[in-house]
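Here are my notes for you to read alongside the model. Keep the viewer open and look up each residue as you go.

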Amino acid sequence: MTVDKHFKRLVRARAARTGESYTAARWRLRRAAANPSKATTKRAKLADLGLSVAIPETWHRVTHSMWGQSYPALHYEVTKNGSRLADLELNSHRLGSVRDPARAAAEAVERARSDPSARFEYTDTMLGGTPAIRLDPANNRQPQASERHYCLAHNDHLFILRFTTTDRRACDPVFDQMAASIELGDASDECLLGELSMTDYAPASIECVLIGALMAAQKGEDFSGRHLLAALVLGDSGIAASVLRTLDVTPERLGRQARVDDSGIAFLEIPVPAATFELLTQLMPGYALETVRTHHALLGILSPRNPAGGLELVEGLGVDAIQMRTALADRIAYENDASCVFCSFCRKPALDVAQMTPNRFSQICNECTAACAAMIHGRRPLPDNPMDRYTGGKRAGLFTACGYCGADEDLYTAPPQTRFICGVCAVRIDETTTRADGQ
Ligand SMILES: [Zn+2]
Ligand SMILES: [Zn+2]
C-alpha cells in the first residue's frame with residue numbers, strides 16, 4: 001500500500017467517524033502531522049463560543065477585558081511567570097475572539113473582503129477545517145507590533161479572532177500555531193465562568209454575576225439563580241438593587257454581608273451549571289436590546305421560563321412575584337427602557353406571554369384576558385394572576401373606563417387599579433387569542 005493510499009484511508013476513516021467532509025478530515029490529519037502536539041501548550045475551551053484553541057502554557061485567561069473595555073470579548077494573554085516570550089514588561093500578546101450569531105455570517109465575511117477602505121490585506125486560508133479569510137493591516141507603520149484577524153462563518157455564526165502583539169518576531173510563529181490548532185464546534189450548554197463571554201453585559205451586571213458565583217463557591221453550592229438574585233440585592237449600583245430596596249429586600253434582611261471576600265477563590269474556574277448558563281446567556285440577554293443591565297437580569301430571574309430558580313429567596317421574605325414585577329415595571333417605565341414592554345395589568349414582560357394587545361395608552365396580555373374570561377364564564381381563577389372584578393365605582397381624578405372601548409361598566413382591573421378593561425372587550429380579545437393559539 002502506498003503512503004498516499006494509506007493516508008486516504010485514514011482520511012475516509014476519520015470522515016466516517018467524525019461526520020466531517022473529506023476535505024476537512026484531510027486538512028485536520030495533515031495539520032496533525034505537521035504540528036505534533038507539544039507539551040508546552042494547553043487547550044483553552046471557550047464553551048459558549050463553541051471554539052477551542054491550543055495556547056502556550058504561559059498564557060492565562062484574563063478578566064479585565066470582561067469589564068467592557070477595549071475589545072469586548074474574553075481574552076487570553078501571556079503572563080509574566082515563566083513565559084518563553086521576551087520583554088514581558090513591554091510586550092503584550094493577546095487573542096480576543098467573538099462569535100456573533102445575529103449577523104448573516106457568510107454575508108459578513110464577503111462584506112469584510114470587499115471593504116473599499118483597503119485598510120486590510122486579505123488572504124484566503126483555512127481555520128478549524130473551515131474556509132476563512134485572514135486580515136492584516138495594509139499599512140503597518142509599526143514594524144515591531146503586529147495584528148492579525150481571522151474571519152470565518154461556521155454553522156451560520158460569524159467568528160472573528162484577533163491576535164495582537166508588540167513583539168512580532170517572537171509571536172508570529174506562536175500565532176501561526178494557535179491559528180492552526182483552532183477547533184470549531186457547537187456552543188456547549190455548560191462551562192466554567194471564565195469561558196462565558198459576557199460581551200453584552202453592563203459592568204454592574206457582570207459584577208453581579210461574579211459576586212453570585214463567588215457566593216456559590218464560598219458555600220460549596222451549585223451556582224444558581226438564588227446566588228444571582230442575592231448578588232443583585234448586594235449590588236450597590238443598578239436599577240435592580242434600587243427596586244429591591246424599595247421592597248425592603250436588603251442585604252441585612254437576606255442575612256448577607258455587603259462585602260464578599262474573594263480571597264483564595266479562582267472565580268473564573270467556577271462551574272456554571274446548564275440551567276444557570278441558559279439563564280445568563282439566553283434569558284437575561286433576551287430582555288435587553290443591547291446591553292444587559294441589572295433590571296434585565298432581574299426580569300430573567302422573575303421569568304416563568306427561568307430554569308435556575310432564585311425567586312424563592314425573596315418570597316421567603318414575604319415579597320411575591322407580582323409585587324416585584326410591578327415595582328420593576330414602574331421603575332423601568334421611568335427609565336424609558338424601550339426594550340421592555342409590560343402588560344399594564346399583571347406586569348409580565350411581552351417576552352414572557354404569548355400575546356400582547358395594545359390600546360393607545362396601555363396593553364393587556366393573553367393571560368389577563370383569559371383570567372377575565374374565566375371569571376365571566378364562572379370558571380376557576382388562574383393561578384398567579386392579579387386580575388379581579390372592579391367594584392370601586394367612579395373615583396375622583398381617575399378615568400375609570402375600559403381602555404379599549406370606553407365603557408364604564410363591568411370593569412376588570414389589577415392593583416394598583418389604574419387601568420381597566422370591560423368584560424366584553426376582555427372576552428373578545430381572549431377569543432382572538434385562543435383562535436390564534438388553536439391555529
Ligand atoms: Zn397580563
Ligand atoms: Zn371595553
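1. C422 is buried, with a relative accessible area of 4%, while C405 is partly exposed at 46%. Here buried means under 20% relative accessible area, exposed means over 50%, and partly exposed is in between (1.4 Å probe, protein chains only). Both cysteines hold the zinc ion (ligand 2), together with C402 and C425, through their SG atoms at 2.2 to 2.3 Å. Donors are N, O and S atoms within 2.8 Å of the metal (3.2 Å for Na, K and Ca), and water is not among the atoms, so sites may look incomplete.

2. What arrangement do the four donor atoms around the zinc ion (ligand 2) make? It's tetrahedral, because they subtend angles of 106 to 117 degrees; four donors get that label if all angles lie between 85 and 135 degrees. Along the sequence, the donor residues are spaced C-x2-C-x16-C-x2-C. C405 sits in the loop between β15 (388-389) and β16 (411-413), and C422 in strand β17 (residues 421-422), 17 residues apart. Strands are DSSP runs of E with at least two residues, helices are runs of H or I with at least four, and both are numbered from the N terminus.

3. A caution: this is a predicted model, where local features need pLDDT of at least 70 and side-chain atom pairs count only at 80 or more, though totals for chains, interfaces and linings use all residues. Residues are numbered from 1 along each chain as its sequence is written, chains are lettered from A and ligands numbered from 1 in the order written, and side-chain values use heavy atoms, leaving out hydrogens and water.

4. Now for the inside. The largest nonpolar core has 59 residues, and L193 and M324 touch the most other members. Such a core is a set of buried Ala, Val, Leu, Ile, Met, Phe, Trp, Tyr and Cys residues joined through side-chain atoms within 4.5 Å. Helix α5 (203-219) is one of the contributing elements, and α5 gives the most, with nine residues.

5. One joins R305 and D352 (2.9 Å, N to O); R305 is partly exposed at 39%, whereas D352 is buried at 11%. Another pairs E367 with K348 at 2.7 Å.

Note on methods
Tetrahedral: all angles 85-135°; square planar, octahedral: opposite > 155°, others 65-115°. Salt bridge = Lys/Arg side-chain N within 4 Å of Asp/Glu carboxyl O.
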